[in-house]
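The following exercises are intended for a reader who meets this structure for the first time.

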Amino acid sequence: MPQFEISDLITVTDPRSLRRAPVRRDDVLRTLAEAGNRRAARIVGTLPVDGDGVLDPAAVDRLLIGVHTELQRLSEEMRIGERVLHLLGPLLEAIRETAEPGARLRLVDIGCGLGYLVRRLAATRALGPGVELIGVDLDAALAGEAARLAQAEGLDCRFVHANAFDLPEAATVYVSTGVLHHFRGPALAEFLQAQAASSAVAFCHFDIAATPITPLGAWVFHRARMRHPLGRHDGVASARRAHSDETLLHAADIPGIRPLVYEPRGLANPFCTTLRPLLGIRPHLEEPFRRAMGRASRRLVGPERFAA
Amino acid sequence: MTPALPLAALGLIDAAFSGFRAYAGRDARIRKHRAVLRASLRGLAVGSALLLVPILTACAVLLTATDQSRAYDRLVDGGTAYLLCIAAYALAVALSLAAYFVLPFRASTLAMVIGLGPLTLLRPLVLAAGCTVALAAGGWPSLLVSATAGAAALATEQIVHRRWYSRPL
Ligand SMILES: C[S@@+](CC[C@H](N)C(=O)[O-])C[C@H]1O[C@@H](n2cnc3c(N)ncnc32)[C@H](O)[C@@H]1O
């Protein structure tokens with residue numbers, strides 16, 4: 001049975017035109033019924049529709065902004081900012097070491113939601129000067145809310161409504177948090193190949209670590225921290241959809257890219273590693289990156305670790 | 001010794017945390033120290049008012065008792081059992097919080113995953129357990145007082161959330 005996240009079904013954006021398509025509630029209910037997911041169907045059944053049975057887009061946006069605001073609390077509590085910085089710091093150090101002196105760097109967060117990571121990096125200036133910070137999301141309401149929040153706090157970053165597979169913003173480094181599991185089958189490799197084909201020198205995508213305890217941990221956390229049933233449902237569904245280390249490394253096995261996973265299963269305590277990253281770096285960066293990581297680079301492994 | 005003072009102190013601390021929980025997840029800004037403080041004070045204010053209910057209940061129990069001295073002793077027994085139960089919980093929360101704030105991010109994730117997250121879910125169960133031991137140690141009047149105290153503790157977060165944080169800020 002396919003696992004669906006309700007938020008992926010109740011808002012549909014055309015990937016080319018970026019225009020939002022009307023979503024009929026009955027269509028979503030049918031998809032969920034076919035997947036045998038009665039709980040999700042009950043949640044969707046409560047969402048308001050117009051006379052034609054189309055989900056009210058304003059209500060859906062309000063709901064998703066509310067759920068993403070709660071999701072940000074999880075990111076804060078799990079110290080996602082520090083976790084990302086733990087790798088991005090050394091990665092940028094390696095990039096600066098090999099780049100032209102004074103070159104401006106650009107970090108693009110793909111599927112940024114409310115842009116917590118980008119706004120936090122902007123607020124703390126943790127990456128140092130000369131790093132432009134941009135967030136992109138396919139959902140116009142989330143990208144718009146991220147921009148509003150950044151403006152409200154006077155943060156030096158911007159947000160763009162765009163598709164991850166057709167990015168208008170060239171980057172030095174692409175990052176993401178909690179996005180990879182949304183890309184199923186060949187889409188995962190296509191997503192990474194598009195970045196490998198760009199002028200970017202690295203990508204660093206954090207996603208839920210797939211371990212046997214992940215779904216239980218996700219249940220406890222989303223139950224304890226999220227109020228809306230949609231957030232609780234999607235939190236557990238996303239944990240079930242998490243890609244394994246092997247799947248990620250296989251998808252990132254692209255010419256001109258050195259695929260690495262940090263803190264894979266077996267090298268990290270699953271209670272300490274809720275999100276772990278898949279990295280793809282240009283091969284010349286590996287040595288300076290490992291040097292900048294110091295002892296922690298032991299936990300950085302490539303596909304050879306999983307070779308039979 | 002009467003357990004009233006430590007119980008009231010724990011009740012007030014819990015109310016401030018309830019205010020924080022009522023607010024948490026409703027504010028997507030990055031800098032929010034003042035908002036956190038305001039939410040905790042709101043919890044404290046609402047919680048202080050609600051704590052009057054178990055205090056008044058205890059007073060009513062004493063005033064209406066035929067043998068006031070015995071009723072007082074039974075309330076102290078029940079209150080002490082209730083206190084021990086929630087103090088053990090409070091200690092676990094305090095240790096998890098200290099670990100969360102002091103340790104580096106990996107270990108602090110551990111404190112969150114096996115400490116603070118599950119402890120939030122356990123809170124109503126701990127209060128229920130407190131009522132049970134209060135009943136066993138101090139009889140029905142103790143159960144009445146501890147049940148009103150537990151209900152007040154649980155209601156604080158709901159009231160603060162509905163009043164101030166029902167929508168994202
Ligand atoms: C689980 S959320 C994660 C949001 C945020 N990164 C965080 O950590 O809270 C996944 C996000 O990916 C976005 N997304 C999904 N498919 C996308 C695509 N093709 N292009 C851009 N964004 C996409 C969704 O709109 C959603 O905001």
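The exercises below concern a predicted model, and each task is followed by a worked solution.

**Exercise 1. The sheet of chain A**

Determine the order of the strands in the eight-stranded sheet of chain A, and identify its edge strands.

*Solution.* 
Step 1. For a detailed view of one pair, consider strand S8 (residues 258-262) and strand S9 (residues 275-281) of chain A, which run antiparallel and are joined by four bridges. Within this pair, Leu260(A) has Leu279(A) of S9(A) as its bridge partner.
Step 2. The sheet also carries a helix: H5 (residues 80-98) of chain A packs on it and touches several strands, including S3, S6 and S10 of chain A. The direction of H5 makes about 170° with that of S6(A).

**Exercise 2. A salt bridge within a helix**

Explain how Glu287(A) and Arg291(A) are placed relative to each other in helix H12 of chain A.

*Solution.* 
Step 1. The side chains of Glu287(A) and Arg291(A) form a salt bridge, with an N to O distance of 3.0 Å. This lies within the 4 Å cut-off for a salt bridge.
Step 2. Because the two residues are four apart in helix H12 (residues 286-293) of chain A, about one helical turn separates Glu287(A) from Arg291(A).
Step 3. Over all chains, the whole structure has 25 salt bridges.

**Exercise 3. The partner chain**

Describe the secondary structure and dimensions of chain B.

*Solution.* 
Step 1. Chain B has four helices and zero strands, so that its pattern along the sequence reads α-α-α-α.
Step 2. Along the principal axes, the C-alpha atoms of chain B fill a box of roughly 60 × 35 × 20 Å.

**Exercise 4. The interface between chain A and chain B**

Characterise the interface by its contacts, its buried area and its polar pairs.

*Solution.* 
Step 1. Contact involves 35 residues of chain A and 33 residues of chain B.
Step 2. The size of an interface is often expressed as the accessible area lost when the parts come together. Here about 2900 Å² is buried, and carbon and sulfur atoms give 59% of this area. Arg79(A), Glu153(A) and Arg227(A) supply 23% of the area that chain A buries against chain B, more than any other three residues.
Step 3. Three salt bridges cross the interface. In the one between Glu76(A) and Lys32(B), the closest N and O atoms are 2.6 Å apart. Between the two chains, 18 residue pairs are in polar contact.
Step 4. Helix H4 of chain A gives the most to the side that touches chain B, namely seven residues. By class, this side of chain A has 13 nonpolar, six polar and 16 charged residues.

Terms used: Residues are numbered from 1 along each chain as its sequence is written. Chains are lettered from A and ligands numbered from 1 in the order in which they are written. This is a predicted model: local features need pLDDT of at least 70, side-chain atom pairs count only at pLDDT 80 or more; totals for chains, interfaces and linings use all residues. Side-chain values use heavy atoms; hydrogens and water are left out. Two strands pair if DSSP finds at least two bridges between them. Contact means heavy atoms within 4.5 Å. Axes are lines fitted to C-alpha atoms, for helices over the stretch in contact, and angles run from 0 to 180 degrees between N-to-C directions. Buried area is the accessible area (1.4 Å probe) that two parts lose on being put together, summed over both. A polar contact is a pair of N or O atoms within 3.5 Å; within protein, one must be able to donate a hydrogen and the other to accept it, and residues adjacent in sequence count only if both atoms are side-chain atoms. Ala, Val, Leu, Ile, Met, Phe, Trp, Tyr, Cys and Pro count as nonpolar, Asp, Glu, Lys and Arg as charged, and the others, Gly among them, as polar.
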